[in-house]
Amino acid sequence: MEKIKEEKIMNSENKFTVIGRLTKDPVLRETKEGVKVTNVSVACERDYKTKDGEKIVDFLEFTMWDKLAERISKISKQGSLIFVEGYNTIKNYGTEEEPVKGFSPVVTNYKHLAYSLSNKTEAKETSNEIEK
């Protein structure tokens with residue numbers, strides 16, 4: 001009898017990775033409990049264009065918490081190229097009669113990749129502040 005080879009199947013994984021440019025400066029706030037938070041919008045170009053040759057750009061919204069919120073608000077500015085990764089959770093919205101579910105991204109990692117050319121002077125000043 002022939003032995004059946006067992007294939008290794010990758011476990012499922014809930015993960016996203018985004019590389020794009022900030023559409024505005026991150027603004028650091030605090031919750032009533034004193035937790036740091038900021039909302040960011042990232043513009044990401046797709047690899048393909050429309051039939052008319054136009055670029056397709058997605059605008060993705062993220063909420064960043066604690067150290068990540070502090071770091072992005074100190075380092076990155078509008079136009080900065082950033083890397084964001086995390087996982088999605090499902091949130092329940094609406095009422096009991098009309099429940100609505102949607103994805104809510106949770107950011108677990110952020111990296112600043114490059115400053116925009118228009119923010120070169122600001123970027124240099126910001127970098128110096130962080131090195132101190």
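This is a predicted model: local features need pLDDT of at least 70, side-chain atom pairs count only at pLDDT 80 or more; totals for chains, interfaces and linings use all residues.

User: Which residues have the most contacts inside the largest nonpolar core?

Analyst: The largest nonpolar core holds 16 residues, and Val42 and Met64 have the most contacts inside it. At least two residues of this core come from each of strands S1 (16–22), S3 (36–49), S4 (55–65), S5 (81–94) and S6 (99–114) and from helix H1 (66–75), with H1 giving the most, namely 4 residues.

User: What is Met64 in contact with, leaving aside its neighbours within four places in sequence?

Analyst: With those neighbours set aside, Met64 is in contact with Lys36, Val37, Thr38, Val40, Ala69, Ile72, Val107 and Tyr110.

User: How many aromatic pairs are there?

Analyst: Ring planes under 30 degrees apart count as stacked. The count here comes to 1 aromatic pair, formed by Phe16 and Phe62, which are stacked at 5.5 Å centre to centre with 15° between the planes. Because Phe16 lies in strand S1 and Phe62 in strand S4, the pair ties together parts that are 46 residues apart in sequence.

User: Is Phe16 buried or exposed, and is Phe62 buried or exposed?

Analyst: Phe16 is buried, with a relative accessible area of 11%, and Phe62 is buried as well, at 5%.

User: In what sense do S5 and S6 pair?

Analyst: S5 and S6 pair in the antiparallel sense over 14 bridges, and they form a hairpin with 4 residues between them.

Conventions. Residues are numbered from 1 along each chain as its sequence is written. Side-chain values use heavy atoms; hydrogens and water are left out. A nonpolar core is a set of buried Ala, Val, Leu, Ile, Met, Phe, Trp, Tyr and Cys residues joined through side-chain atoms within 4.5 Å. Buried means under 20% relative accessible area, exposed over 50%, partly exposed in between (1.4 Å probe, protein chains only). Contact means heavy atoms within 4.5 Å. Rings of Phe, Tyr and Trp (its six-membered ring) pair if their centres lie within 6.5 Å; planes under 30 degrees apart count as stacked, over 60 as edge-to-face and the rest as tilted. Two strands pair if DSSP finds at least two bridges between them.
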